[in-house]
Amino acid sequence: MADALRDLTWDSATSATIVLGSLRVPFTKMSPGKITIKTAKARRIGESLPSKRTPGAGELGDFNAEILATDFEGSILPRMPLHGGTLVVFPILISLKHPSITGSLSILLDQSRIVELDGPELDASEKELIYKLQMSAMGRYDKGRDGKWKALAYNARRPSSEARALMQF
Amino acid sequence: MPRTAAEIRKAAEDARVRAAATLTPGQADLFAALAEEKEALEAEAAEQAKVRAIVMVDRVDAAREKAAAAPTPYLVEGVDLVGLFPLGKSPPPASLPGGGVIVIRNPEQAATDAFVREAEAKQKHASKMAIDLACACTVDPSPDGASGIEVRGFFERYQEAAGTVAQRARELGGARAREAKRGQG
């Protein structure tokens, strides 16, 4: 009984969801977009090692995710226009709970869009129907135990209104 | 041996004397000020509740018009979120969704189906189910965009409030809060 309760606690603790207003659409698999800051080090003539470095150009890579066909059909598809489903923009919130994390760890991917749709793969077995998505995000923020959302890159743009609402909680 | 009435009166008088000596004049004054402050805060909360009641009437009327015009008409009811908390203990109304007033509807069939499915599967905490149902039944503020995120954020922070709102939505859909006992209708 105690084990079952503990499993239930851990099962429901970590979540990765598309946030559509008050609705949360969970992923079955996803890896947050990788953010890279590319810098160049300028070496002056006569210098052995460069003494100057550029501020850096940030790049937030696209990422892959998977979602149940029932969630795609019930929550995502009704919100798409007839043409240009990539225009549907939403934040993605990932809340991580793990024995190695003492406080809380969250990741927010702002202004995300679906840029590739694949599946569901069909076969004659008792297998769940999964849509494979490739997604693009415009900003990544991480929050640790101090409760403040922080970004690796300097972003002159403010977070979207949805992201700001999420950041309050 | 039973005490006499005179002895009991004497003991009561002694207790009164001891009580009067417990507080210093300064402490007694401070206590009176605290009581006055509590009274003033309660009066302020009561006045604010009246303002919210007026706001609620307008919001419910607007929601009722929409509900009547919907392809499948539904019932609506206003909820004073501040009233869910003990008097004077609620978060500031300005920080609550809809300024402390929301409008709920009776659960859609899909929301009820999802609730029953989760309850039967026993894989989700009851509080999470209540949050989902409360969010699905809130029609004002809009469940879309930033306002919807605020509604969910409030219910996730105050899960007991979500349970109360979900229960009221179910009652609005005809669920009875207390099962009737056999022979009592």
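In chain A, take the contacts between residues at least 6 apart in sequence: 61% of them join residues at least 24 apart. The model is predicted. Its chain A holds three helices and 13 strands. The radius of gyration of this chain is 20 Å, whereas the globule rule gives 15 Å for 169 residues, so chain A is more spread out than a compact globule. Along the principal axes, its C-alpha atoms fill a box of roughly 70 × 50 × 35 Å.

Next, the surface of chain A. Of its 169 residues, 33% count as buried. The chain exposes about 10,800 Å². Carbon and sulfur atoms supply 53% of that area. Chain A carries 23 positive and 19 negative charges.

Now go to strand β12 of chain A, residues 139-143. This strand is mostly covered, with four of its five residues buried. It has pairing partners to follow. One is β10(A), residues 105-118. Five bridges link β10(A) and β12(A), and the sense is antiparallel. Within β12(A), A:R140 stands opposite A:L109.

Another partner of β12(A) is β13(A), residues 149-150. The two strands run antiparallel and are joined by two bridges. A:K143 has A:W149 of β13(A) as its bridge partner. Between β12(A) and β13(A), the hairpin has five residues. One of the hairpin's residues, A:G147, takes a positive phi near 75 degrees.

Follow the chain on to the loop between β10 and β11 (130-136) of chain A, where A:P120 lies. What kind of peptide bond joins A:G119 and A:P120? The bond is cis, with omega about 5 degrees.

B:P141 belongs to the loop between β3 (138-140) and α5 (145-157) of chain B.

Methods:
Residues numbered from 1 in each chain as written. Chains lettered and ligands numbered in written order. Predicted model: local features only at pLDDT ≥ 70, side-chain atom pairs only at ≥ 80, totals over all residues. Heavy atoms only, no water. Buried < 20%, exposed > 50% of the residue type's maximum accessible area, 1.4 Å probe, protein only. Pairing = 2+ DSSP bridges. Rg over C-alpha atoms; globule rule 2.2 N^0.38 Å. Contact = heavy atoms within 4.5 Å. Areas by Shrake-Rupley, 256 points an atom, 1.4 Å probe, with all protein chains shown as cover. Lys, Arg positive; Asp, Glu negative; His and termini not counted. Charge placed at Lys NZ, Arg CZ, Asp CG, Glu CD.
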